[in-house]
Amino acid sequence: MIDYESATSFLDEWGTFQQQVFFLLCLSVVPNGLAGFAIVFVGDTPAHRCLIPAHINLTAAWRNSSIPLEEDGSSGTMVPSQCFRYKIDELLRFSERESCLDGWEYDRSVYTATITTEFDLVCENSWKNPLTSSVYFCGILVASFLSGQISDRYGRKIVLFVTLAVHSLFIFLQVFANSWAVFCALHFVVGMGQISNYVSAFVLGTELLGPRARTIFSTIGVNLFFDVGYMLLPLCAYLLRDWRKLLLCLSLPGFLCLPFWWFIPESPRWLVSQGRVKEAEAIVRDIAKRNKIHPPAVIFHSSEKEPPKERKKRLNIFPAVLLTIAYFVLSLNTANLYGDVYFNCFLSALVELPAYILSWVLFRWCSSRLSVSSSLIACGVLLLFVQLIPANLVLLAITLEMMGKFAVSTAYAFVYAYTAELYPTVLRNTAIGACSTASRIGSIIAPYFIYLRRYWTSLPYILMGSLTAVTGLLSLLLPESFGRPLPDTMAQMQHFPG
């Protein structure tokens, strides 16, 4: 088989071509960061109460008295009910309650409109709100199964740009959704495009770049540019305030990335694996030309030009990635924190910047097993401490939650590279794919962890903290990969307890 690294060793490690591809592929990830957590604002639930129709002849005092008081589970104080009112025809007796037969009136000070206010996803329909996020993550789950196989068959480049176009187009179509069901159907496809173009950009950059640039691209590059998009999200939401206008804005960056097609080539490594050596040679020669290098007369020798061999049957691996629950719960929970929702979301994105840098430092110079374990245990302990903070020390509670987000983001960025180092070449793609699939199951569950706060505010933190800390302890059973060569065969693979 062709040794691609040796055959293309004459190319610069960081020439003009590599610099261009590095930044264009990283820029293609920015739309993912922008749209990845848009549901925080698009689906947020503002303060609301039952609507008293204008034609009901009541004074302002009687209108205020028409809403019964209920105990708030988080503060213990009595607050106006959000889902019930006193029966209008028996208002003077204040006897029986009825549901909001005439709809709801919403606080418009934070949002002009969200899907919650437009489709009334409150009270008896409040279960639809977390389901909206779960439908999105179900799309990501399905695409995790399919996109890798399609990319292996048809190429990385075409999958990247087709799914980038699909992602942007369906975000745009959501602007015209006239019901919650239509919005969810479109949201499912948005999730499919979100993961597919992200993974395709990741794989294409890994295969086009040399070893040193590849390491920076896969650990810091794509993650930092994703986070740039994530930090721009609350700014766009703050300026627009309406969910349709916000989605229209979020659809535009993806369309602006489509012209990158003419500047990013197909992966020569993938073309060689498919037996399309002449096409691969043409691309490599073009890379050499851009870097002002004279390539050898023959890049891939004729003796090496053999059709791709049939792949070995791969084993099924189902690693449980519980850290994903903590990561997505902490990311989606910013709307429920004390203070300004826009600033909290920005702060949640900001803490990921040093986390990604730390993950790269740990990956280069520290024990892989201890890095993952310590990050997860730290996150779990911090989240368990959050629910012990008195209600009046909200800033301390937010600080602990952001520290937990920092710790879990470090582990989240680290775990895929760690998985790639643990498994041999014949299993590596399957292992990473299974890891991604398991993590999507965690992200589907995550919105319902937030929903549990309706019954007890501390319950999500107790569950997240416990699961994350236990996962950190269990990760100590994994083999050590730091300083070891990548295994190529099952015989070279380290022993896994159990």
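## Helix 17

Let's start with a helix whose length can be checked. Helix 17 covers residues 368–386, and at 1.5 Å a residue its 19 residues should span 27 Å; the end C-alpha atoms lie 28 Å apart, which agrees. Keep in mind that this is a predicted model.

The N-terminal end of helix 17 has a cap. Ser 367 provides it, with a side-chain oxygen 3.3 Å from the backbone nitrogen of Leu 370.

## Helices 7 and 8

Two packed helices are described by the angle between their axes and the distance between the axes. For helix 7 (residues 128–154) and helix 8 (residues 156–174), the angle is about 130 degrees and the axes are 7 Å apart. An angle over 145 degrees would count as roughly antiparallel and one from 65 to 115 as roughly perpendicular, so this pair is oblique.

Which residues of helix 7 and helix 8 meet? From helix 7 come Ile 150, Ser 151, Asp 152 and Tyr 154, and from helix 8 come Arg 156, Ile 158 and Val 159. Sorted by class, this contact holds four nonpolar, one polar and two charged residues.

## A closer look at Arg 156

What does Arg 156 touch, leaving aside its neighbours within four places in sequence? Arg 156 is in contact with Ser 151, Ser 200, Val 203, Leu 204, Glu 207, Glu 266, Ser 267 and Trp 270.

## Two loop residues with positive phi

Now for the loops. Arg 241 lies in the loop between helix 10 (211–240) and helix 11 (243–257). Its phi is near 70 degrees, a positive value in a residue other than glycine. With a relative accessible area of 23%, Arg 241 is partly exposed.

Lys 292 belongs to the loop between helix 13 (277–290) and helix 14 (323–332). This residue is not a glycine, yet its phi is positive, at about 60 degrees. The relative accessibility of Lys 292 is 78%, so it counts as exposed.

Definitions and conventions
Residues are numbered from 1 along each chain as its sequence is written. This is a predicted model: local features need pLDDT of at least 70, side-chain atom pairs count only at pLDDT 80 or more; totals for chains, interfaces and linings use all residues. Side-chain values use heavy atoms; hydrogens and water are left out. Helices (H or I, at least four residues) and strands (E, at least two) are DSSP runs, numbered from the N terminus. Buried means under 20% relative accessible area, exposed over 50%, partly exposed in between (1.4 Å probe, protein chains only). Axes are lines fitted to C-alpha atoms, for helices over the stretch in contact, and angles run from 0 to 180 degrees between N-to-C directions. Angles under 35 degrees count as roughly parallel, over 145 as roughly antiparallel, 65 to 115 as roughly perpendicular and the rest as oblique. Contact means heavy atoms within 4.5 Å. Ala, Val, Leu, Ile, Met, Phe, Trp, Tyr, Cys and Pro count as nonpolar, Asp, Glu, Lys and Arg as charged, and the others, Gly among them, as polar. The expected span of a helix is 1.5 Å times one less than its number of residues. A polar contact is a pair of N or O atoms within 3.5 Å; within protein, one must be able to donate a hydrogen and the other to accept it, and residues adjacent in sequence count only if both atoms are side-chain atoms.
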